[in-house]
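Me: I would like the terms used for this model set against their cut-offs. Please take them one at a time.

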Amino acid sequence: MANTYHQLCPVLFGAGALRDLPGKIRELGGTRALCLYDKGVEASGIARRMLALLDEAKIPYVVFDGVQSDAPSETVDAAGELGRREGCDIVVGIGGGSTLDTAKAATVLIQNPPPVTRYFAGEGEPFTSTTPLILIPTTSGTGSEVSLMAVIHDTASHRKASVLRAATLAIVDPELSLTVPPAVTAMTGFDALSHAVESFTTNRGNPLSDILCKNIIRLVAENLEKAYHDGSNLHYRTQLALASNLAGIAFNDAFLHFGHAAAHELGVVFHIPHGVACALTIPEVIVFSAEAAPQKGIEIAEAFGLNVSPGESGAQAGHRAASYVRALMRRLNIPSLKKMGISREAAVACAEGAYIHNPFITSALSPIDIPLLGELIGKIYDNYQ
Ligand SMILES: NC(=O)c1ccc[n+]([C@@H]2O[C@H](COP(=O)([O-])OP(=O)(O)OC[C@H]3O[C@@H](n4cnc5c(N)ncnc54)[C@H](O)[C@@H]3O)[C@@H](O)[C@H]2O)c1
Ligand SMILES: [Fe+2]
């Protein structure tokens with residue numbers, strides 16, 4: 001089967017890359033920047049460093065520091081309104097996925113009337129958005145800086161929906177992730193891993209995404225636990241920043257499937273951080289996909305560094321890879337659904353919403369309907385307690 005691959009924007013990658021921000025704003029013709037971040041990025045000192053660079057270069061800017069986790073729609077509206085009112089002609093988002101997604105959607109509102117819910121993909125109005133947008137990730141997880149969608153929490157309908165707006169430039173500076181606390185390092189690293197495992201097991205994969213995904217799995221397997229214990233190590237952080245960024249490029253074309261469908265719904269219903277919800281789904285995504293396509297099970301196990309013997313079936317290799325991931329999750333203190341106080345029945349009941357709200361679930365290697373998704377969520381619950 002023939003499938004297309006793209007890279008949506010250039011990526012400036014490397015330690016210290018943040019210093020190039022003022023020059024890049026000028027290159028893109030920006031004269032007044034809307035800068036978005038959240039309280040955590042402010043407390044880490046990163047926002048202050050960025051603003052000092054803009055001050056030094058005499059680039060005028062307006063700050064929106066009210067980004068909230070999971071990019072709630074009303075926060076996007078407030079940020080877009082600020083940018084519009086202040087006449088901003090370039091947007092800079094610096095932070096985790098919540099900030100990058102808020103920045104993407106707020107950029108759309110600079111040239112288009114609010115609220116953001118008007119522009120949800122697949123159901124909303126068409127729009128044109130040409131305002132330059134620079135995205136600077138400070139966590140290694142979402143890959144949002146290179147993906148097309150902004151994942152927005154529509155607080156009125158209580159679901160996650162997407163607005164499609166790519167960055168003009170991504171600046172990935174691994175130094176910015178040195179201050180990420182261990183729990184966030186773990187959950188974001190598992191988010192990147194889930195992107196790789198899911199993109200590798202869709203019916204929309206392409207030669208580039210396959211090569212990227214296997215390497216991303218290896219990068220996460222080799223570096224996540226080390227970065228969790230030694231967050232100030234720039235080498236581990238650089239490998240994870242690369243893994244996260246490449247995963248964004250891979251899943252943008254190859255898509256995701258039931259792991260993210262379940263994670264989005266469980267996340268919204270039970271207020272579970274995105275990376276934790278994604279982590280919980282990874283082992284069952286591997287097992288399900290290895291049963292549908294045994295060679296994938298073997299390649300995933302090998303990407304994790306496991307030896308697959310000639311007589312071992314793809315399904316067996318997939319089960320071993322899943323056990324490997326569960327053990328890593330335990331060591332990195334990813335809580336189970338049960339430990340979070342969620343009942344099995346309540347978790348399984350998310351199957352319907354997960355299916356309805358996430359049309360990309362049709363990208364799985366074999367068809368999934370609501371009852372099967374309920375069974376898979378049941379396995380997520382039972383097999384990791
Ligand atoms: N658009 C996409 O392609 C895509 C893909 C996956 C996930 N997402 C979305 O991304 C969001 C999750 O993003 P996330 O996991 O990065 O979490 P996040 O953006 O909510 O950040 C988590 C926490 O880490 C803090 N933090 C960030 N950088 C830090 C640093 N350098 N030092 C110290 N603290 C820091 C933040 O302040 C915050 O408290 C979810 O809303 C999810 O739906 C989007
Ligand atoms: Fe994700």
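**Terms and values**

Reply: Strands β2 and β3 (residues 61-64) run parallel and are joined by four bridges. The model is predicted: local features need pLDDT of at least 70 and side-chain atom pairs pLDDT 80 or more, while totals for chains, interfaces and linings use all residues. Residues are numbered from 1 along each chain as its sequence is written, and chains are lettered from A and ligands numbered from 1 in the order in which they are written.

Me: What makes β2 and β3 a pair?

Reply: Two strands pair if DSSP finds at least two bridges between them. β2 and β3 have four bridges, so they pair. A33 stands opposite Y61 in β3. Strand β4 (residues 90-95) is also joined to β2 by four bridges, again parallel, with L36 opposite G93.

Me: Why is F190 called buried?

Reply: A residue is buried if 20 or more other C-beta atoms lie within 10 Å of its own, exposed if 12 or fewer, and partly exposed in between, with C-beta atoms placed from the backbone. F190 has 28 other C-beta atoms within 10 Å, so F190 is buried. The residue lies in helix α6 (residues 182-199). Its contacts (C-beta atoms within 7 Å, placed from the backbone) include G275, C278 and I334, leaving out residues up to four places away in sequence.

Me: How do you know that both faces of β2 are covered?

Reply: In β2 (residues 33-36), A33 and C35 on one side are buried, as are L34 and L36 on the other.

Me: What is the largest nonpolar core made of?

Reply: A nonpolar core is a set of buried Ala, Val, Leu, Ile, Met, Phe, Trp, Tyr and Cys residues joined through C-beta atoms within 7 Å. The largest one has 126 residues, and those touching the most other members include A196 and I286. Domain 1 (11-177) and domain 2 (182-383) each give this core at least three residues; the domain bounds come from an automatic or database domain assignment.

Me: How does the reach of helix α8 compare with the expected span?

Reply: The expected span is 1.5 Å times one less than the number of residues. Helix α8 (residues 234-254) has 21 residues and reaches 30 Å from its first C-alpha to its last, close to the 30 Å expected. Of its 21 residues, 19 are buried.

Notes
Helix = DSSP H or I, 4+ residues; strand = E, 2+ residues; numbered from the N terminus. Contact = placed C-beta atoms within 7 Å.
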